[in-house]
Amino acid sequence: ITLAEDQVEFRKLAATLADAQFTIDGALKDILSARRGLALTATGEIGTRIARWAVEKGGAQPVIAVRRPLAVPELTLFSNLEDAVRINARVEPDGGPAITADLHLAPEKVLLNGLTLRDRHSEARLSFEKRGRRVRSTFTGRLELRSLENLLAAPLKRSGWLSGDLRVLVPDRGWMDARIGGRLEGGDLSLPMPRRNPLLVEAFALNGAGEGGGVEIEAARLRWGETAVGLDGWLTPGQETPRFDLSVEAAYVDLEALLAELQVSNRPMPSAPPPEAPMPGESERDEPGRDDRRSRPQGVLTLAIDHLEYGHYDLLPLNAKVAFDGERTRVDLTETTLCNLDLPGSLTWDRNRLSLNVKPATATSDVGQLLSCLTQRPIEMDGQLYFLADLSADGRWETAPSRLRGPLSITATEGRIYRESTLTKVLALVN
């Protein structure tokens, strides 16, 4: 250690903290002036104890675990000893990959100028900048999850990957007004969900529209529980009016099982962090979520499902368009069949009102099988049924179903009623 008028220099200073060991060269300069600062370089090793402590303090414990020491062949640090720090480091976990990072910390600013990861499977670069509420981030290259296996808390269940050149800008207004540019594709990913099963992303590709704000989704293949779907289209986030036009295709959907997946588990969910205090010069009404305007999505969801099962009922197929326009939703059934009964029609609702029009029809059907399917009980009848109706209802949610009106034509021929007490009583009354 060398002392001078306004600085302290040190060379080959051995420093130990828990199981972290470093050899440090550096200087504390201009210690008597307002321009004082610290500059140092170091090499060493971060042990598992101090690494686990840092992971726990950073809140990454459920995802990241350090099981072996981390070699640090290069580290430089610059600080004004008040509110600004810059750290440039290279870290090499035992077994790889090599990681380099250039981090700047200052009041109201976090800048990760470049986080790179390299091994024989991956070569990727991530940057991140946060100024106040504004966030800018980029990802370039290819990342395979097996490159991170030495740093993950749980063993990999899928060998997922990401590749592309993606840019994301989140303005002060929040994530709902984010702008995305470039392209990102990937596959074989497992995303944890706050329910029972993870969301499996078998393949996807995203194309960002940049300043236009939209995102195009190309032929994404997703699986959640027993439900596998294909998804493509576009969406444009927005604080007040998010817009979208998406198509969903599936060979088979068990709606009852899917709804069970959507139920919140009994495990307590972590509480949301408190909102950030407004920046100087900002009023509370400028904060996202402070105004009374609700998000009013607008868009179309096109469904093409070969087989939709719900309990004992099967829709073969279900082709429909669901249009969202603020608080109003409209469903147009373009092609769907229930119990060999065609069910074209439409359904429209908002918070207060329900309107529907359905035109069930069948040219010919076994009357016993049709009624047994609809009522889910044995019907001892046979013969051919010709059915045509045009039914409509409109009113408040609690009264609309009881107002179902319209012409109904039923013709049953070439059959017998062997035993059906309700229908027998109706025919006896008519006769």
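Visitor: Which residue forms a salt bridge with E218, and how far apart are the closest N and O atoms?

Guide: A salt bridge here is a side-chain nitrogen of Lys or Arg within 4 Å of a carboxyl oxygen of Asp or Glu. In this case R183 pairs with E218, the closest N and O atoms being 3.3 Å apart. The pair links distant parts of the chain, with E218 in strand 14 and R183 in strand 12, 35 residues apart. Strands are DSSP runs of E, at least two residues, and helices are runs of H or I, at least four, numbered from the N terminus.

Remember that this is a predicted model: local features need pLDDT of at least 70, side-chain atom pairs count only at pLDDT 80 or more, and totals for chains, interfaces and linings use all residues. Residues are numbered from 1 along each chain as its sequence is written, and side-chain values use heavy atoms, leaving out hydrogens and water.

Visitor: Is E218 buried or partly exposed?

Guide: Buried means under 20% relative accessible area, exposed over 50%, and partly exposed in between (1.4 Å probe, protein chains only). E218 is partly exposed at 30%, and R183 is partly exposed at 29%.

Visitor: What is F204 in contact with, beyond its neighbours within four places in sequence?

Guide: Contact means heavy atoms within 4.5 Å. For F204 the partners include L162, L184, E218 and A220.

Visitor: Which residues touch the most other members of the largest nonpolar core?

Guide: Such a core is a set of buried Ala, Val, Leu, Ile, Met, Phe, Trp, Tyr and Cys residues joined through side-chain atoms within 4.5 Å. Here L143, F204, A220 and L231 do, out of 31 residues.
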